[in-house]
Amino acid sequence: VIFPYFGVDGRLAGWQGRLTRDPLPDEDIKKIIFAAKGEMPAGLTCRHPNDGMLYLIERVPVGPPVLLVEGPVDAIHGERACPAAAMFGSNFTEAQARRLLSRRPSAIYLGFDRDKSGPRWNDITNTWEPDPRPAVARMLYSRTLAPIYVVRYPDGFDGDWGGHADKTPHTTDDLTALLAGAVRWGPGVTL
């Protein structure tokens, strides 16, 4: 599946390619790849997602709340509950923050994947990685007066924004309930 993303000028800036399955152990392929400079059509410049790119940001209207999620599938499903944009992973950059805040949202909901809700073990680097949510919340909190909310998944909630663990989608009511149960972030709030 290919997920195109666009620059501020509305022109194609790149894409994320994603397998619809996990690679087999003997396959030398990545589940997720990004466009390379030589793969762009003539006259277009390839830009890395960290360079201010957010999936579906061009569909987020100016003013209403926005849901910030990790992946394109999460944003597609999240749009059923709230305008949504994806940051292509759990790393959020200054350029992405500026782009998101250019939509002047009345509130921002951080709907990261369940596996990013707290510190996690990285099997590749054999290290503990910190929960990215507080850093993103602090970055946005220091740049906007809009309230920042962090989605907490209730006990028994299966999967995340992209759907249940078996990949079937959640109902719109389920997604709306996640937003309603989000915790307002501010100094001193622990996640």
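Here is a friendly conversation about how the terms used for this structure are applied.

User: Before we start, what kind of model is this, and how are residues numbered?

Analyst: This is a predicted model, in which local features need pLDDT of at least 70, side-chain atom pairs count only at pLDDT 80 or more, and totals for chains, interfaces and linings use all residues. Residues are numbered from 1 along each chain as its sequence is written, and side-chain values use heavy atoms, with hydrogens and water left out.

User: Thanks! Why is Asp160 called buried?

Analyst: Buried means under 20% relative accessible area, exposed means over 50%, and partly exposed is in between, using a 1.4 Å probe and protein chains only. Asp160 has 18% relative accessibility, so it counts as buried.

User: Where is Asp160, and which residues does it touch?

Analyst: Asp160 is in the loop between β9 (148-150) and α4 (172-180). Those labels are DSSP runs numbered from the N terminus: helices are H or I with at least four residues, strands are E with at least two. Contact means heavy atoms within 4.5 Å. Leaving aside residues up to four places away in sequence, Asp160 touches Asp74, Asp113, Arg114, Tyr153 and His170.

User: What makes a pocket a pocket, and what volume does the largest pocket have?

Analyst: The search uses a 1 Å grid over the protein atoms alone. A cavity is a set of points where a 1.4 Å probe fits but cannot get out, whereas a pocket is an open set with protein on both sides within 12 Å along at least five of seven lines. Grid points are joined across faces, edges and corners, and the volume is the space filled by probe spheres set on the points. For the largest pocket, that volume is about 1,000 Å³.

User: Which residues line the largest pocket?

Analyst: Lining residues have an atom within 4 Å of a point. The largest pocket has 36 of them, and Arg18, Lys31, Ile32, Asp74 and Asp113 lie nearest its centre. At least two lining residues come from each of β2 (12-18), β3 (32-34) and α1 (72-78); α1 gives the largest share, four residues.

User: How is the lining of the largest pocket divided by class?

Analyst: Its lining has 11 nonpolar, 13 polar and 12 charged residues. Here Ala, Val, Leu, Ile, Met, Phe, Trp, Tyr, Cys and Pro count as nonpolar, Asp, Glu, Lys and Arg as charged, and the others, Gly among them, as polar.

User: What makes a set of residues a nonpolar core?

Analyst: The members are buried Ala, Val, Leu, Ile, Met, Phe, Trp, Tyr and Cys residues joined through side-chain atoms within 4.5 Å. The largest such core has 24 residues, with Leu67 and Trp161 making the most contacts inside it. β1 (2-6), β4 (66-69), β5 (84-86) and α4 each supply at least two residues of this core, and α4 gives the most, with three. Apart from this core lies another, of 21 residues, including Leu68 and Leu101.

User: How do you know that there are zero disulfides?

Analyst: A disulfide is a pair of cysteine sulfur atoms within 2.5 Å, and a search of the whole structure finds zero. As for burial, Cys46 has a relative accessible area of 16%, so Cys46 is buried. Cys82 is at 7%, so Cys82 counts as buried.

User: Is Trp128 buried or exposed?

Analyst: Trp128 has a relative accessible area of 61%, so Trp128 is exposed. Trp128 lies in strand β8 (residues 127-129).

User: And why is Lys167 called exposed?

Analyst: Lys167 has 67% relative accessibility, so Lys167 counts as exposed. Lys167 is found in the loop between β9 and α4.

User: What is the phi of Leu56, and where is this residue?

Analyst: Phi of Leu56 is near 70°, a positive value in a residue other than glycine. Leu56 sits in the loop between β3 and β4, and its relative accessible area is 4%, so Leu56 is buried.

User: What about Arg104?

Analyst: Arg104 also is not a glycine and has a positive phi of about 45°. Its relative accessible area is 57%, so Arg104 is exposed.

User: What makes α2 mostly covered?

Analyst: Six of the eight residues of α2 are buried. These buried residues pack against β1, β4, β6 and α3 (133-141).
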